[in-house]
Amino acid sequence: MSDVTRSEVVATAIADCWAQDGEIFASPMGLLPTLGARLAKMTSNPDLVISDGESLFLAAPPPLGSSTGVVEGWIPFAKVFDVVANGPRHVMMGATQIDRAGNQNISAIGPFAQPKRQLLGSRGAPGNTVNNRTSYWVPKHSTRVFVEQVDVVSGVGRARAEAAGTAATRFHDLHRVVTDLGVLDFQGTGGALRLISTHPGVEVEDVRAATGFDLETADDITTTREPTDTELMAIREVLDPRRLREREVPS
Amino acid sequence: MSMRPRDKRMSLEEVVGQLESGMTIGIGGWGSRRKPMALIRAILRSDLTDLTIVSWGGPDVGLLARAGRIRKLVYAFVSLDSIPLEPHFQAARQNGTMPEVVELDEGMFQTGLRAAAQRLPFLPTRAGLGSDVMANNPWLRTIESPYEGPEGRETLVAMPALELDAALLHLNRADSHGNATYLGPDPYFDDLFAMAAARTYVSVEQVVDTAGLTVDTPVQRLLLSRMLVHGVVEAPGGAHFTSCTPDYERDERFQRTYAEAAKDDGAWAAFEARFLAGDEAAYQAAVRELGDE
């Protein structure tokens, strides 16, 4: 199939985050992460456990915008928190800011005491990062998001976890950041962010220019792979026929 | 001699009459879902102020913050769900009009309620370690495990009990004694709030007789036992404009009206005059009138 769009590359890059996870709960926050988790469930990892985003485990992934299908479990918020503490979960959160050291902020911009802009609050980010494998999705890679130091640490980076001790590092497992420009991991110096691939048509320099700190790059940096025909068919025909993905990542 | 337990039905105003300024009040539901909004509206009509509010925050927090009733807010998030950011909460934070906030991780928040429910001073949790939740709440303490683990003695967050003077909840059905069912997708943490509170007041869509609670409903949906409940209010539409599935879904149109009005003092004054100036019956009538437009 031809004419692969950026949003389709992103969806497969996100799906790849969950490909090796086995039988765990995929918790995507937001539209493209939801598409990616459902794509992984349909292709690379049928053992993945997915939910309707409200309170049900679904046996088969529904299209975006729908949450119906065969139910295989009940997952109200109290049980989500049980799974967080118990461990078998890989969450992909958003990030209003993320810094070189891998700390994420969804709490507030500016000084916490009286923020310039109040956001959601820390939600489950602190607990997610010390309990579960954690990835992030950034729909618009920019110097506003990728900052030297976040204003409030919600999600905990490696250095901060190490400073807090073994209780914080024992299950700490930052995995990937997928953006509209590329894919990063946390294998830089001391757990710093590191660019591992750029999407087709994106140069490393484009990513550097959109990053507010001196970005490390992997020695074997690659171009993010394009979706297979099977994946494209799953995205276009089954999971997102209404092309909602284009709203978040325009072509 | 009657073997029936006591009748706890009361009015919204009677509930508010049992609350006092300065109290710590837990509010059930989640975000913009199954919030005890009729009780919140009744607080807005009262003189209650200086409150410490503990909530999975939604428009309950927004309305109380806008009205200046909150001295201290304990939260992990405040959101309208379909509208991610709660505009009154945002404004109160950005303008510095809420004297004190305690922003927690969700797991810490739940752990604090659990500690209170179990009458413990604290419970250990991993959540919060390494984050600015600890830095922004410097009174929070850690505790070293007395036990040797695979990686030594772990130092965990000692999450203090979130003890509540009162909990306000909205469920679908109750009997007059306080046994209550939720019929929607998620119990949220309403039972935990009830156990963490010295007194619990529950408003419901409908009061039915005890047998009616389980006539067409699995017994597992009985979330609250009357042991935990001090007052029952029949308040149809009492969660409006938040969702109360399956009785009604969130009134998205009304919520948008609310959020739009929040952006400007004049628009908010008009919203208050139209919807919040009268009693609960007047509110429900004004909502119906908007629906007819």
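The model is predicted. Chain A has nine helices and 15 strands, and chain B has eleven helices and twelve strands. An open sheet of seven strands lies in chain A, and the contact between the chains takes 38 residues from chain A and 37 residues from chain B.

**Chain A overall**

- For 251 residues, a compact globule would have a radius of gyration near 18 Å, and the 17 Å of chain A agrees with this.
- Along the principal axes, the C-alpha atoms of chain A fill a box of roughly 45 × 45 × 35 Å.
- Of the 251 residues in chain A, 54% are buried.
- Among the contacts in chain A with a separation of 6 or more, 66% come from residues 24 or more positions apart.

**The seven-stranded sheet of chain A**

- The strand order in this open sheet is β1-β5-β10-β12-β13-β14-β15 (chain A), and the pairing is mixed.
- The edges are formed by β1 (25–28) and β15 (216–223) of chain A; each has a single partner strand, so one side of each is left without a neighbour in the sheet.
- From one strand to the next, the twist averages 20°.
- Within the sheet, β5 (residues 89–94) and β10 (residues 133–138) of chain A run parallel and are paired over five bridges.
- Gly94(A) has Trp137(A) in β10(A) as its bridge partner.
- Helix α1 (residues 6–17) of chain A packs on the sheet and touches β5, β10, β12 (173–179) and β13 (182–185) of chain A. The direction of α1 makes about 175° with that of β12(A).
- Helix α2 (residues 31–42) of chain A lies across β1, β5 and β10 of chain A, at about 155° to β1(A).

**Chain B overall**

- The radius of gyration of chain B is 20 Å, close to the 19 Å given by the globule rule for 293 residues, so chain B is as compact as a globular protein of that length.
- The box filled by the C-alpha atoms of chain B is roughly 65 × 60 × 30 Å, taken along the principal axes.
- Buried residues account for 51% of the 293 residues of chain B.
- In chain B, 75% of the contacts with a separation of 6 or more are between residues 24 or more positions apart.
- The domain assignment of chain B gives domain 1 as 12–104 + 162–292 and domain 2 as 122–160.
- A distance of 32 Å separates the C-alpha centres of domain 1 and domain 2 of chain B.

**Strand pairing in chain B**

- Strands β8 (residues 164–174) and β10 (residues 197–207) of chain B pair in the parallel sense over nine bridges.
- β10(B) also runs parallel to β12 (residues 231–234) of chain B, to which four bridges join it.
- Ser203(B) in β10(B) is the bridge partner of His170(B), and Ser203(B) also stands opposite Val233(B) in β12(B).

- On the side of chain B that touches chain A, at least two residues each come from α4 (87–94), α5 (106–117), α6 (132–136) and β7 (155–160) of chain B.
- α4(B) gives the most to this side, with four residues.
- By class, this side of chain B has 16 nonpolar, twelve polar and nine charged residues.

Technical notes: Residues numbered from 1 in each chain as written. Chains lettered and ligands numbered in written order. Predicted model: local features only at pLDDT ≥ 70, side-chain atom pairs only at ≥ 80, totals over all residues. Pairing = 2+ DSSP bridges. Axes fitted to C-alpha atoms, helices over the stretch in contact; angles between N-to-C directions. Contact = placed C-beta atoms within 7 Å. Nonpolar A, V, L, I, M, F, W, Y, C, P; charged D, E, K, R; others polar. Rg over C-alpha atoms; globule rule 2.2 N^0.38 Å. Buried ≥ 20, exposed ≤ 12 C-beta atoms within 10 Å, placed from the backbone. Domains from an automatic or database assignment.
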